[in-house]
Amino acid sequence: MELRDYWLTIRRRWKLIVLCVLLATAAASLLTWQSTPLYASSSQIFVSTASANASEAGAGNQFATQRVTSYVDLVGTRKLSETVAEKLGGEFTPDAVRGAVTAEVVPDTVNMVITARYDDPVVARDIAQAYAVELSRLVSEIETPQGGGKAPIRASIVDNAQADDTPVSPNVPRNVGLGILLGLLLGVGLAVLRDLLDTSISTSADLAQVTSRPVLGNINTDTVAVRKVPSEALGEPTPWAEAFRVLRTNMQYVEVDSDHRVFVISSSLPSEGRSTTATNLAITLAMAGETVCIVECDLRRPTMATRLSLDDSVGTTSVLIGKVSLDDALQPYGDTGLQVLTSGPRPPNPSELLQSHQMESLIKELRDRFSVVLLDAPPLLPVTDAALLAARADGMLAVVRHGRTTRDQLAHALERVDSVGAKCVGVVMNMVPAKGRGRRGYGYSYGYDYTYTERPPSRFAKRKVRHARAY
């Protein structure tokens, strides 16, 4: 993935990233709110040597610097913690006071800071002060020679511990900031991982990995146009209607040597917009003056009669069993010139009807009477009806749903078409995001106005008219 791919992934998966940030921030806030506040108190000890003159001061300072590091380790000893616990009245165990205190050396100095943290500021002060006092005594005891005399080094308390009512933990700004940062990293990581594992078809590069068939059209998503009457929606100057006109234009370059063309329109799985694409393409072709017939060949789940508000009592099944003639079963759709053959009554054996000799004769008769015949077939993967129909047609048009159809699904669907000796003449990318949210290659945010509005003449044009009239 390139840098631009990461940016496109963030734009497309921004909801996932925002969700991760919100969840991480909420978790950090909850943990912060449930955490017990801790208060800190510190005491400071100065380690020095008894130097007789200035010449010994340098050596004594170096000796004290070496010693102060060892005194830090004494803070964690059990002996000192037991003494401190006893001095505090036996209310706390040695392990409790030892776990509440830390010690560190101020860099480049002989100062040692003892800090105690507890959920009570007064207790924290008492622990820190008790440790400072007892450590000072322990140092004096350790450094005093066995035969008696003055200790060469001493630890003096220079800053007593004080109670502070301001908690040092939890740190709300830091915890919330870390939550936001971790949520952002997690969200971006999940978004990139989801894209890497995503096998759906969203770009021309995705299609090229599956098939070399050309992309004949890109139909964008328009929920308003889909709910309208098809003939009215296609007559409006919208990008959605223009996409079908582009598809109609590209269809003219398919099977150019034939005056009568029969195409099967199918998809890999249901709910990919197969019937909608077939119906609107047929209406668009009829509006251009072609003699078009669309045949409902999905005898299991027919939708064309409902979509076009036509009678479904007779149709394809009625013609195939010889109950009515083709002329009696065909229905005109409005004033578009389109002839529609609905499904008719649902048969118990749709596959046998579609691969029968009567179906072959019906396709031959439709080919002779119309310049373009579109067969709205079932999806390819659940049943074999579409592949069998494609073998008797001039080609098949595969409808692919943007971001939903996977590469494996399309590959298996095209394998079924190839296995029966049929051919796929092109691919239609359906339900493409209307604002260019796809991964490189599709989108319709071109900013082009499909309506014509007459603009008033500019001042410069009016000035030219006045000069022309003067002459």
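I looked up Asn-111 and found that it touches Gln-44, Ile-45, Phe-46, Glu-104, Val-105 and Val-106, leaving aside residues up to four places away in sequence. Contact here means heavy atoms within 4.5 Å. Asn-111 lies in strand E3, residues 111–118. Helices (H or I, at least four residues) and strands (E, at least two) are DSSP runs, numbered from the N terminus. Asn-111 is buried, at 17% relative accessible area. Buried means under 20%, exposed over 50%, partly exposed in between (1.4 Å probe, protein chains only).

I note that this is a predicted model: local features need pLDDT of at least 70, side-chain atom pairs count only at pLDDT 80 or more, and totals for chains, interfaces and linings use all residues. Residues are numbered from 1 along each chain as its sequence is written, and side-chain values use heavy atoms, with hydrogens and water left out.

Next I searched the whole structure for aromatic pairs and got two. Phe-92 and Tyr-118 are edge-to-face, 5.6 Å centre to centre, with 80° between the planes. Rings of Phe, Tyr and Trp (its six-membered ring) pair if their centres lie within 6.5 Å; planes under 30 degrees apart are stacked, over 60 edge-to-face, the rest tilted. Phe-92 is buried at 14%; Tyr-118 is partly exposed at 25%. Trp-240 and Phe-244 have ring centres 5.0 Å apart and planes at 75°, so this pair is edge-to-face.

Last, I checked Lys-423. It sits in the loop between helix H19 (407–419) and strand E12 (424–432). Lys-423 is partly exposed, at 42%. Its C-alpha is 7.9 Å from that of Asp-394, 29 residues apart along the chain.
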